[in-house]
Amino acid sequence: MTALANQLPVGLSTAAVLLLAALGLTFTFGQMGVVNMAHGEFVMAGAYTAYLVQGALGGWAFPLSLPAAFVVAGLLGLALEASLLRRFHGRPLDTLLLTWGVSLVLQQVARDVFGAPNVQVVSPSWLVGGVELLGVRLPHNRVFIIGLAALCAVGVWLYLARSPQGRRVRAVVQNRELAACSGIATGRVDRLTFLLGSGLAGVAGVALTLVGPVGPTLGGAYLVDAFLVVVAGGLGQLRGAVLAAVALGFLNSFLELYTDASLAKVLVLAAVIVFLQFRPQGMFVLRGRSLA
């Protein structure tokens, strides 16, 4: 029971990272029909940004790496969308091959710039250690990751529900053609959505520096799980992404406790496949109007 209880913060922090990585995917995939295999490299770019910020300013400047990573990864995503993906909207197989090639290029660029060996971002002193709560040890770094993901999820919800630009995003997700006929500049909405989604991936990369080293293939290890969150939660569904990330994070962490990391991944994938047999459109289905 003690081991199970101590897995709770591990599962929550894993879910938090998956949520940060999947938030961008769930809207770019649902809105534009783009399968972005380079999304993991945006996570990697955010992690390396934290490494550079720490090298330039020291460990005390760790909070500055969060907005810096958001900007760097967001601009990478914006450049990718504006230069290549804007011609491939609604063509998932083509975008899969295209972005897979881009991901390989970005990984090689990271190897050329930073080297193939992993590098380490030293956690600031206020994120070292932990506290005991009801017999459960809560590491400071994992509590920070959970809080960061919750803050980002609330921010995305406020953006979608309360801002005019968020309403435009929801309109394009529901019906792109009708939104365009209503005067919404769908291309501008796509670019902004890609910017925000890629920026959140960069924030996820900063979070990952608190639990492990940084390497050129860092983002690829989380890309498949992020896509599983998107598919299981439902395309363009924020609440679905949150619930799916929590479910998969806990399932993966508890399975790793009794098996190993590779077998746990296989079992999680099998669980998602079984779930999709009963809910092929995910937990939540995008509501729309249709003529009988």
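Reply: A salt bridge is a side-chain nitrogen of Lys or Arg within 4 Å of a carboxyl oxygen of Asp or Glu. This is a predicted model, in which local features need pLDDT of at least 70 and side-chain atom pairs count only at pLDDT 80 or more, while totals for chains, interfaces and linings use all residues. Residues are numbered from 1 along each chain as its sequence is written, and side-chain values use heavy atoms, with hydrogens and water left out.

Me: How many salt bridges does the structure hold?

Reply: The side chains of Asp225 and Lys265 meet in a salt bridge, at 2.5 Å from N to O. Asp225 lies in helix 9 (residues 220–233) and Lys265 in helix 11 (residues 261–278), so the pair ties together parts that are 40 residues apart in sequence; helices here are DSSP runs of H or I with at least four residues, numbered from the N terminus. For the structure, the number of salt bridges is 1.

Me: Is Asp225 buried or exposed?

Reply: Buried means under 20% relative accessible area, exposed over 50%, and partly exposed in between, with a 1.4 Å probe and protein chains only. Lys265, at 32% relative accessibility, counts as partly exposed. Asp225 has a relative accessible area of 12%, and is therefore buried.

Me: How many disulfides does a search of the whole structure find?

Reply: A disulfide is counted when a pair of cysteine sulfur atoms lies within 2.5 Å. Cys152 is buried, with a relative accessible area of 14%, whereas Cys181 is exposed, at 71%. Over the whole structure, the number of disulfides found is 0.

Notes: Helix = DSSP H or I, 4+ residues; strand = E, 2+ residues; numbered from the N terminus.
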